[in-house]
Amino acid sequence: DVLKRIDEVEGDVKAYLTITRDEALAQAKAVDEKIAKGETISFLEGIPGAIKDNICTKGIKTTCASKILENFVPPYDATAMTKIKAQNPVILGKVNMDEFAMGGSTENSAYHPTCNPWNTDCVPGGSSGGSAASVAAGTSIWALGSDTGGSIRQPASFCGVVGLKPTYGRVSRYGLVAYASSLDQIGPVTRDVTDCANILNIICGHDEMDSTSSEAEVPDFTKALVEDVKGLKIGLPKEYFVDGMDPEVEKTVRAAIEKYKELGAEIVDISLPHTKYAISAYYLIAPAEAATNLQRYDGVSYGERVESDDLVGMMTKTRTEKFGEEVKRRIVIGNYALSAGYYDAYYLKAMKVRTLVQQDYTEAFKKVDVIMAPTAPTPAFKIGEMISDPLQMYLQDACTVPLNLAGLPGMSIPCGYSASGMPIGLQIIGKALDEETIIRAAYTYE
Ligand code: GLN
């Protein structure tokens with residue numbers, strides 16, 4: 001069973017920040033009793049899963065892998081969590097991440113890095129590294145993650161699992177600790193596409209507690225679990241095969257797309273010309289929103305406090321000591337981009353780029369049904385290799401952040417391995433609210 005698996009490999013993988021063993025055992029026992037009585041159970045009932053530590057869980061510590069929330073026990077559940085709990089699964093605990101979801105390797109966790117189960121010298125990706133690593137290691141059967149600029153898809157790619165970032169607004173953000181509110185989305189990390197569709201069914205839907213939550217009707221995503229890509233028009237954007245892309249990744253992804261052709265899909269070369277500006281725009285917009293969202297951790301209303309003689313001293317000390325380096329870097333960038341005199345040159349420009357990136361997709365989707373590309377430019381890299389070079393780390397997000405800027409859904413599915421045996425992910429991008437076509441394409445490949 002999964003708790004046994006945790007005992008065996010968690011020491012090497014370190015995917016968890018909190019393991020709720022006793023509660024998990026009690027939940028499992030209750031479901032066993034139900035089964036023994038011959039009662040029917042739902043899809044997720046009794047199935048053990050893990051929750052990213054930025055999703056609020058009533059009565060269970062939610063730290064965002066930050067020292068500033070070291071002792072935060074939410075008095076309420078995030079809406080996605082409420083919906084999951086209604087299905088009566090076993091909750092194993094909370095999984096590791098980059099602090100406040102800022103990063104792409106889980107090395108920015110204030111507690112410990114997580115290791116990639118395929119090779120424990122490598123990172124699992126991030127920021128939902130704990131979610132992907134636990135599913136890949138079998139220390140959870142499913143997990144919830146969050147994706148602001150690739151944080152579900154890139155770790156899914158690095159760990160050889162399935163990760164979906166739904167359309168912005170599909171899943172309520174109520175109870176998801178905010179990083180960049182106009183980009184954040186909760187989504188499933190699973191072993192296969194069937195599990196992904198089933199969990200998506202559970203967590204989607206309008207929520208009056210989140211004003212950006214979509215009122216669009218939620219289809220039954222499991223109906224899209226059909227093997228059929230005949231006539232499907234797949235766009236291949238030339239800009240996603242970026243300079244510096246690992247040749248093995250390019251080869252593997254192109255081979256996967258070739259397979260779609262054999263299955264009857266039509267491959268269409270497309271151009272998304274503003275892609276090259278997406279990273280620059282993202283790394284202004286996301287920090288700007290983060291700087292604003294993280295103002296609340298002032299040692300008074302939210303989070304830990306480090307005492308000092310006066311109020312300003314207390315706030316300064318608290319934030320200096322309790323935020324990690326990357327979080328502080330983003331707060332500084334964000335406040336700079338938003339400050340008077342620089343707002344027009346940076347934030348406003350970035351917002352214009354965001355619109356251009358959105359328009360690129362709108363044009364492209366007039367010609368194609370889905371877009372396919374690599375999820376990340378490289379397979380999982382070594383722990384410690386990139387952490388001292390933030391800019392290099394930001395470039396990892398080249399293929400994932402454009403979607404978030406446009407609010408579109410995207411999935412990463414495993415499509416092969418590098419020569420050293422590390423998984424490579426294929427990214428499937430869909431039109432807004434069209435997760436179904438992504439699921440159909442992914443299911444057919446699987
Ligand atoms: N790597 C990106 C960042 O650091 C994406 C993170 C995310 O999606 N939460 O911002």
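Residues are numbered from 1 along each chain as its sequence is written. Because the model is predicted, local features need pLDDT of at least 70 and side-chain atom pairs count only at pLDDT 80 or more, while totals for chains, interfaces and linings use all residues.

Start with the annotated site. An unreviewed UniProt entry gives the annotation "active site" to Lys52, Ser127 and Ser151. These three span 100 residues in sequence, yet no two of their C-alpha atoms are more than 10.9 Å apart, so they gather at one spot. UniProt positions are given here in the numbering used for this model, with feature names shortened, and annotations may be inferred rather than shown by experiment.

Take Lys52. This residue sits in strand 2, which covers residues 48–52. Helices (H or I, at least four residues) and strands (E, at least two) are DSSP runs, numbered from the N terminus. Is Lys52 buried or exposed? Lys52 is buried, because 30 other C-beta atoms lie within 10 Å. The cut-offs are these: a residue is buried if 20 or more other C-beta atoms lie within 10 Å of its own, exposed if 12 or fewer, and partly exposed in between, with C-beta atoms placed from the backbone. Setting aside neighbours within four places in sequence, Lys52 contacts Val95, Met97, Ser128, Gly130, Ser131, Leu144, Gly145 and Ser146. Two residues are in contact if their C-beta atoms, placed from the backbone, lie within 7 Å.

Next comes Ser151. Its place is the loop between strand 4 (142–147) and helix 5 (153–159). Ser151 is buried too, with 37 other C-beta atoms within 10 Å. Beyond neighbours within four places in sequence, the contacts of Ser151 are Ala101, Gly126, Ser127, Ser128, Gly145 and Ser146. Ser127, also annotated, is therefore in contact with Ser151.

The ligand comes next. It is surrounded by 13 residues, and the closest are Ala101, Gly104, Thr148, Gly149 and Ser151. A residue is near a molecule or strand if its C-beta atom, placed from the backbone, lies within 6 Å of it. The shell divides into four nonpolar, seven polar and two charged residues. Here Ala, Val, Leu, Ile, Met, Phe, Trp, Tyr, Cys and Pro count as nonpolar, Asp, Glu, Lys and Arg as charged, and the others, Gly among them, as polar.

Now look at the backbone. Most residues other than glycine have a negative phi, and most peptide bonds are trans. Ser127 lies in the loop between strand 3 (90–95) and helix 4 (129–137). The peptide bond from Gly126 to Ser127 is cis, with omega near 10°. Phe100 is in the loop between strand 3 and helix 4. Phe100 is not a glycine, but its phi is positive, at about 55°. Phe100 is buried, with 30 other C-beta atoms within 10 Å. Leu433 has a positive phi as well, near 65°. Leu433 lies in the loop between strand 11 and helix 14, and counts as partly exposed, with 19 C-beta neighbours inside 10 Å.

Nine of its 11 residues are buried. Among them are Glu435, Arg440 and Tyr445. What do the buried residues of helix 14 pack against? Their partners are helix 6 (193–203), helix 7 (247–262), strand 9 (370–374), strand 10 (410–417) and strand 11 (423–430).

Together with strand 7 and strand 8, helix 7 makes a right-handed β-α-β unit. Right-handed means that, with the strands pointing away from the viewer, the path from the first strand over the helix to the second runs clockwise. Strand 7 (233–237) and strand 8 (266–270) pair in the parallel sense over five bridges. Strands pair if DSSP finds at least two bridges between them. Pro237 stands opposite Ile270 in strand 8. Ile234 is in strand 7 and counts as buried, with 20 C-beta neighbours inside 10 Å. Its contacts, not counting residues up to four places away in sequence, include Ile257, Val268 and Met372.

Finish at helix 1, residues 2–13, which holds Ile6. Ile6 counts as buried, with 25 C-beta neighbours inside 10 Å. Ile6 and Ala137 are 131 residues apart along the chain, and their C-alpha atoms are separated by 8.8 Å.
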